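Me: I would like to learn how to read a structure, feature by feature. Can you take me through one?

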Amino acid sequence: MNCLDYRRALLAGTGEADAMRVHRLQCAGCTAEWQEHAAFEGALRQALEVPVPEGFAERMTTVPVARRRRFLAAAATTLVAVGAGSYAWLARQDPLALACIDFVMKEEAKSIMMGAMPRAEARVALAGTLPVEVLEGVGQVRHISPCPFNGATAYHVVLAVPQGKVTLLVMPSAPMRGVRHADKEGMHAAVVATKNGSVGIVGADAAVVMSVAGAFQAYAATRSA
Amino acid sequence: MGFEDLVRTHARDLYRYAYWLARDRQQAEDVVQEALLRGWRAFPRLRERAAAKSWLFSIVRREYLRALGSAAPQTESLDTMDLPDERQELFGVEMRDALMALPASYAEPLALQLLGGFSCAEIATMIGTTEGATMTRLTRARQALKRLVAPRERAGGRT
Ligand SMILES: [Zn+2]
């Protein structure tokens, strides 16, 4: 290491390696250069740190929600375009998914009539499984209430998405893997994993059910990292 | 770390990086927002979660280039290698103005090095060049900045 090497390395900004430090400690010229350079680097860093708009980071985590919703709408349209034939695999009937359909056909009206839980309470209850913010990113939350389902307490959610309505059964105590499907009397259901649990999605349109399921899976994937 | 946490951690530096590419506040914000929307869709497929930070900076870069209307990884606007002419009577300027006078091809590696904390090898991969060429750019960028911010007499200018 000589003075030229030392000054080159400073200019490249790669940090002071051990060999450089050894040289600096015995070279007055490079010590002076090093001190001047430190002030320059500080000013440079400050100059690069241009002011960031107020609340930018928060906006970047929440604002794209509207755009995500539009993306989901587009995804659903694509799925419809693929055609009903692609849903032949839906014919595989999963008992839990079937139970979700039964709930919508037999219990949903009663659950809605019994009234929704306070939204603040719902936020706390769902935070660990499928946060209300995530639901709001996918559609408009019309109803949330706790209900007995599949031997445990689930949360019944009515979600209005751009293409119609879906019913969700959020099951905090029922973790699972993969995707389960059922198809019965014109209703489609999918059950997918979410954070620490699972969620059943029921609707009249398989494409809509699948796009909502896809959104929750994407959320679960970002959370499991 | 999930996508939202990643964004919350790096959003500010991603904005600054986009700003030094675009030199425009509104465009910087648009580029980051668009990039993060694409990132949100692609994140579940990202294999190397450890490389998530450089991936985020890379998608901002790609989005900026895309917004420029170019699908090519290298565009003319990031390829300009002309540094401010020494004969130009620019000296004693504030550091930020000096940075503004640098072409993006020089300001970009500086932003990646100091805002992103990336090594020369990482920067080289991100901007599609060699490690040696990256070090040259970083060196020349600092030389130009030192010249630009130097007070008048040291720059050898007129009195
Ligand atoms: Zn020396």
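This is a predicted model: local features need pLDDT of at least 70, side-chain atom pairs count only at pLDDT 80 or more; totals for chains, interfaces and linings use all residues.

Me: Start with the metal. Which protein atoms are the donors of the zinc ion?

Reply: Look for N, O and S atoms within 2.8 Å of the metal. Here the donors are Cys3(A) through SG, His23(A) through NE2, Cys27(A) through SG and Cys30(A) through SG. They lie 2.1 to 2.4 Å from the zinc ion. Along the chain their spacing reads C-x19-H-x3-C-x2-C. Cys3(A) belongs to helix α1 (residues 3–12) of chain A, and His23(A) to helix α2 (residues 18–25). These two are 20 residues apart, so the pair links distant parts of the chain.

Me: Why is the arrangement around the zinc ion called tetrahedral?

Reply: Check the angles. Four donors pass as tetrahedral if all angles lie between 85 and 135 degrees. The four donor atoms here subtend angles of 101 to 118°, so the arrangement is tetrahedral.

Me: Now the two chains. How much area is buried between chain A and chain B?

Reply: The size of an interface is often given as the accessible area lost when the parts come together. Between chain A and chain B that area is about 4000 Å². Carbon and sulfur atoms give 65% of it. Chain A brings 38 residues to the contact, and chain B brings 41.

Me: What does the secondary structure of chain B come to?

Reply: List the elements in order. Chain B has eight helices and zero strands. From the N terminus they run α-α-α-α-α-α-α-α. Of its 159 residues, 49% count as buried. Then ask how far apart in sequence the contacts reach. Among contacts in chain B with a separation of 6 or more, 66% join residues 24 or more positions apart.

Me: Take one residue there. What is Met95(B) in contact with?

Reply: For Met95(B) that gives Phe40(A), Ala43(A), Leu44(A), Ala47(A), Leu145(B) and Val149(B). Met95(B) sits in helix α5 (residues 95–101) of chain B. At 10% relative accessibility, Met95(B) is buried. Val149(B) is 54 residues away in sequence, yet the C-alpha atoms of the pair are 6.1 Å apart.

Me: And Ser198(A): buried or exposed?

Reply: Start from the accessible area, then check the polar atoms. Ser198(A) is buried, with a relative accessible area of 1%. Its place is strand β6 (residues 197–203) of chain A. A polar atom of its side chain lies 2.6 Å from the backbone oxygen of Ala174(A). Residues that Ser198(A) touches include Thr129(A), Leu169(A) and Val191(A).

Me: Last topic. How many salt bridges does the structure hold over all chains?

Reply: The total is 19. Read each pair by distance, then by position. Arg123(A) and Glu133(A) form one, their closest N and O atoms being 2.8 Å apart. Arg123(A) lies in helix α7 (residues 119–126) and Glu133(A) in helix α8 (residues 132–138), so the bridge ties together parts ten residues apart in sequence. Compare Arg16(B) and Asp13(B), whose side chains meet at 3.2 Å, N to O. They are three residues apart in helix α1 (residues 3–22) of chain B, and therefore separated by about one helical turn. Arg16(B) is buried at 10%, whereas Asp13(B) is partly exposed at 21%.

Me: Which residues are linked in a network of salt bridges?

Reply: Glu16(A), Asp18(A), Arg21(A) and Arg24(A) are. Within it, Glu16(A) and Arg21(A) have their closest N and O atoms 3.5 Å apart.

Technical notes:
Residues are numbered from 1 along each chain as its sequence is written. Chains are lettered from A and ligands numbered from 1 in the order in which they are written. Side-chain values use heavy atoms; hydrogens and water are left out. Donors are N, O and S atoms within 2.8 Å of the metal (3.2 Å for Na, K and Ca); water is not among the atoms, so sites may look incomplete. Four donors count as tetrahedral if all angles lie between 85 and 135 degrees; four count as square planar and six as octahedral if opposite donors are over 155 degrees apart and all others between 65 and 115; anything else is irregular. Helices (H or I, at least four residues) and strands (E, at least two) are DSSP runs, numbered from the N terminus. Contact means heavy atoms within 4.5 Å. Buried area is the accessible area (1.4 Å probe) that two parts lose on being put together, summed over both. Buried means under 20% relative accessible area, exposed over 50%, partly exposed in between (1.4 Å probe, protein chains only). A polar contact is a pair of N or O atoms within 3.5 Å; within protein, one must be able to donate a hydrogen and the other to accept it, and residues adjacent in sequence count only if both atoms are side-chain atoms. A salt bridge is a side-chain nitrogen of Lys or Arg within 4 Å of a carboxyl oxygen of Asp or Glu. Lists of a residue's contacts leave out its neighbours within four places in sequence.
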